[in-house]
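Subject: Structure handover

Hello,

Here is the structure I said I would pass on. Please open it and keep it beside you while you read the notes below.

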Amino acid sequence: MFKRFILLVLVIAVHLPAYAQDVQTFSIGEISVAYPAGWQAESADDTGIYLGNSDAALTALRNASGDLEEGDIAISIFPAESAPIDTSADAQGMLGEVVELLEITGSIQNYPAGDLDAAWIIATGINIPGGEAVLYVLNFEGLPVLVAVQFGGAFEDVAGEIKPIIGAIQVGVVAPAGLPINQWASGATATTSFGNLTWNPEQATGVPDTTGCGDFGAAWASESRTGKDTLTLTFEQGVIPAQINIHQNYNPGSIIEVELITVSGETIGLPESADPPGNTECPGVFSLNVEGIPEPIDQVVIHLDQTIGGNWNEIDAVELIGTIPADQPFNQWASSADGSSEYGTDAWSFDQATGEPNTAICGDSSSAWAAASSTSKEMLAVGFDQPVIPTQINIHQTYNPGSIIRVELVNTATGDITELPESADPPGNTECPGVFTLDIEDVDIPVDGVIIYFDQSIGGGWNEIDAVELVGTLP
Ligand SMILES: [Ca+2]
Ligand SMILES: [Ca+2]
């Protein structure tokens with residue numbers, strides 16, 4: 001189960017030294033890339049990365065156009081699963097499907113990338129902006145990645161610049177210290193809202209989901225079209241802010257100020273943060289670059305005066321881009337799981353212990369992991385994408401808590417195992433449903449795995465695990 005992690009560590013070790021000091025990095029979800037100073041990166045939709053060596057290159061990506069001057073390079077990087085192809089195929093197979101889908105021509109070849117299964121093609125066709133592009137499939141285990149490179153002029157002239165960037169694409173590291181991450185708001189409140197189920201503050205959370213300029217229930221709107229209102233967005237991860245992107249889908253022009261709130265609760269006003277009429281198109285993104293705020297923030301406050309425009313200034317989504325400070329606790333849910341036995345291969349399987357909790361009640365629920373037998377000794381091993389210096393583990397139990405006898409921590413790169421003292425959860429200690437929390441103080445090596453040992457003869461019933469959270473600081 002841990003092969004993927006070890007592979008990733010090797011990939012990182014192989015690729016990163018290719019760069020000198022003046023390099024920047026950017027990550028979206030599990031994908032990250034390093035690129036030369038002077039280039040720009042931004043998140044594309046909620047899953048991909050746009051990279052460009054000029055404003056024109058980035059604009060071409062945003063507009064899906066091939067309008068590039070000689071020397072311009074535009075690179076888009078997306079999970080292969082965002083294309084309608086079979087992502088269980090090998091790299092050449094996936095690229096073959098892309099070629100068919102786009103009805104393009106060219107010769108698919110293996111792309112040399114160490115142990116990584118990779119393929120590439122110099123492709124031409126009318127479905128490619130500009131008529132010519134280079135496409136790559138990097139078949140990272142678990143998350144294959146599609147890369148498209150557009151360029152002005154001849155490929156030979158830019159190939160040398162592109163190659164190290166392709167080599168610096170990584171998967172599986174959520175947020176190494178110093179890498180900007182993007183987040184969409186996970187919660188929202190407002191002084192007023194137009195509805196309870198539509199146009200409510202919730203509609204400004206998550207990825208943008210309105211289509212065009214107009215009055216949409218999937219965006220937040222205030223009660224009055226001329227209201228002076230405040231919309232406050234919360235984000236899961238506190239970050240040193242670099243950019244705020246406010247997606248507006250109806251009557252932009254009424255934002256008078258944007259404030260940030262630090263994780264410790266201090267409010268910081270952003271100078272020149274008004275978005276007057278004519279500044280942002282409809283639909284459009286009001287983008288604020290933020291500099292010089294030393295504290296991590298996890299809330300964005302948007303003040304509107306809709307007497308300015310005289311009509312609802314609707315907000316569809318708000319994105320926060322920033323870096324995770326080295327000492328900031330980092331929360332993650334298990335991304336992989338294995339163990340001694342599972343009750344099913346889908347329902348009650350190991351995988352049911354990954355991701356955020358999704359089992360609300362105490363009971364025998366197939367959205368939690370259960371062992372094959374109800375009275376056996378068992379082991380559940382969960383893995384996490386980002387190694388951290390651990391400070392806390394939270395084990396979400398949804399049936400018969402009381403059988404956990406021991407918990408261990410793992411560094412999957414080195415194989416080091418740390419047993420946690422007094423890590424049993426005896427009957428009566430955790431309610432059902434309930435969270436068994438282990439605070440960790442003395443572990444100073446990074447870990448990315450947790451192993452939970454059970455003796456279900458203690459409780460005599462399935463001790464089901466819905467989710468496991470690892471909290472820690474970046475190494
Ligand atoms: Ca929305
Ligand atoms: Ca679950």
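Of the contacts in the protein with a separation of 6 or more, what percentage is accounted for by residues 24 or more positions apart? The figure is 70%. Please keep in mind that this is a predicted model.

Overall form

The protein has 4 helices and 26 strands. Its C-alpha trace spans about 70 × 60 × 40 Å along the principal axes. A compact globule of 475 residues would have a radius of gyration near 23 Å, and the protein has 24 Å, which agrees. Of the 475 residues, 43% are buried.

The cores

The largest nonpolar core has 69 residues. Ala204, Trp220, Ala353 and Trp369 are the residues with the most contacts inside this core. Strand β21, residues 377–399, gives the most to the core, with 8 residues.

Leaving out residues up to four places away in sequence, Trp369 touches Ala337, Glu342, Trp348, Ser349, Phe350, Gln352, Ala353, Leu380, Glu464 and Ile465.

Helix α2

Helix α2 covers residues 55–62, and its buried residues are Ala57, Leu58, Ala60 and Leu61. Seen down the axis of α2, these residues fall within an arc of 155°, so they line one face of the helix. The elements that cover them include β3 (40–44), β4 (48–52), β5 (73–79) and β9 (145–151). Just after α2 comes Ala64, which takes a positive phi of about 50°.

A residue in a loop

Val290 is found in the loop between β16 (284–289) and β17 (297–305). Is Val290 buried or exposed? Val290 is buried, because 20 other C-beta atoms lie within 10 Å. Not counting residues up to four places away in sequence, Val290 touches Pro241, Ala242, Gln243, Ile244 and Leu270. Ile244 is 46 residues from Val290 along the chain, and the C-alpha atoms of the two are separated by 7.5 Å.

Regards

Key: Residues numbered from 1 in each chain as written. Chains lettered and ligands numbered in written order. Predicted model: local features only at pLDDT ≥ 70, side-chain atom pairs only at ≥ 80, totals over all residues. Helix = DSSP H or I, 4+ residues; strand = E, 2+ residues; numbered from the N terminus. Rg over C-alpha atoms; globule rule 2.2 N^0.38 Å. Buried ≥ 20, exposed ≤ 12 C-beta atoms within 10 Å, placed from the backbone. Contact = placed C-beta atoms within 7 Å. Arc of directions from axis to C-beta. Core = buried A, V, L, I, M, F, W, Y, C linked by C-beta atoms within 7 Å.
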